[in-house]
Amino acid sequence: MRAPLEVRVGRAAIIAFALFLISQTFAHYIQNDPGRAVPAVILGAAVVALYAWAAMGARGRRRWWIAGAMSVLVYAPLPLLGEWWAISGVFLAATALGFLSRKWALPAFALVLAVELVKSLALGDTMAKAMSWILIVAVASVLLAALTRFAETARVLYETRAELAAAEVAAQRVRAMGELEGILGSRLDTVARRGLAVLGKAGGDAETARTELRGMLDVALEAQREMREFAHRGQHLT
C-alpha cells in the first residue's frame with residue numbers, strides 16, 4: 001500500500017536535508033581531493049542510505065544495529081578521509097535522538113557530542129573551534145531528528161487511523177449481520193407458521209389455502225428484498 005502524502009513528504013524532507021548536509025563534503029573531495037573522492041562518495045551515500053532506510057521503518061533492536069553500523073561508518077573512515085569526513089557525525093547524533101528509545105536517546109546523544117569534541121581536538125582544532133563544532137553538530141542533528149520524528153508520527157497516526165477505520169467497518173458488519181439475522185428469523189417464523197396452517201387446512205377450503213400460500217410468497221419476497229438491501233449496504237462497507 002502506498003504511504004499517505006504526509007509520510008511521503010516527511011521521508012522526502014529527511015533525504016533532502018541529509019543530502020544537503022553531506023553535499024559540501026562530496027563537493028570538497030570531488031574538486032580538491034579526487035584521490036579520495038570515490039571512497040568518500042561511496043561511504044557518504046552509505047551513511048545517507050542507512051539513515052533514510054532506518055527512517056522508513058526500523059523497529060526494536062534493529063535500531064541498535066543501525067546505531068552500531070552508523071558509528072562504524074562515521075568513525076572508521078576518519079584516518080583515511082580526514083577532517084572533511086567529520087560532518088558524518090551529525091548523522092550519528094541524529095540516529096541517537098531520532099531512533100533510540102527515550103531512555104537512551106539523550107545519554108547517547110550526549111556521548112556522541114563528547115566524542116565529537118574529542119575528535120575535533122584530535123584533528124587539531126582549538127577548544128573554541130571544537131565547541132563551535134559540537135554546537136553545529138547538535139543543531140543540525142536536532143533538525144534531522146525532528147524531521148525523522150515527524151515522519152514517524154505521521155506514519156503512526158496514519159496506521160492508527162486505518163486500524164480504527166477497519167475496526168469500525170467490522171463493527172458495522174457485525175451489527176448488520178445481527179439485524180439481518182433477526183429480520184430473516186422473523187420472516188422464516190412467519191413462513192413456517194403459515195406453512196403449518198396450510199398443512200392443517202389441506203383438506204379444507206382451497207381458496208383459504210391459496211391465500212395462505214400467497215401470504216407465504218409475499219413474506220419470502222419481502223425477505224429477499226431486505227437481503228438485497230443488506231447486501232447493498234455491505235458493498236459500501238468494503
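Trainee: Which residues line the second largest pocket?
Mentor: This is a predicted model, where local features need pLDDT of at least 70 and side-chain atom pairs count only at pLDDT 80 or more, while totals for chains, interfaces and linings use all residues. A pocket is an open set of 1 Å grid points where a 1.4 Å probe fits, with protein on both sides within 12 Å along at least five of seven lines, and lining residues have an atom within 4 Å of a point. The lining here consists of W64, A67, S71, Y75, L92, T95, A96, L100, A108, L111, V112 and V115.

Trainee: Which elements give two or more residues to that lining of the second largest pocket?
Mentor: Residues are numbered from 1 along each chain, and side-chain values use heavy atoms, without hydrogens and water. With helices taken as DSSP runs (H or I, at least four residues), the contributors to the second largest pocket are α3 (62-75), α5 (89-99) and α6.

Trainee: Which element gives the largest share of the lining of the largest pocket?
Mentor: The largest pocket has 15 lining residues, with E83, W84, A86, I87 and W133 closest to its centre. Two or more residues come from each of α1 (5-32), α6 (102-122) and α7 (127-200). The largest share, four residues, belongs to α1.
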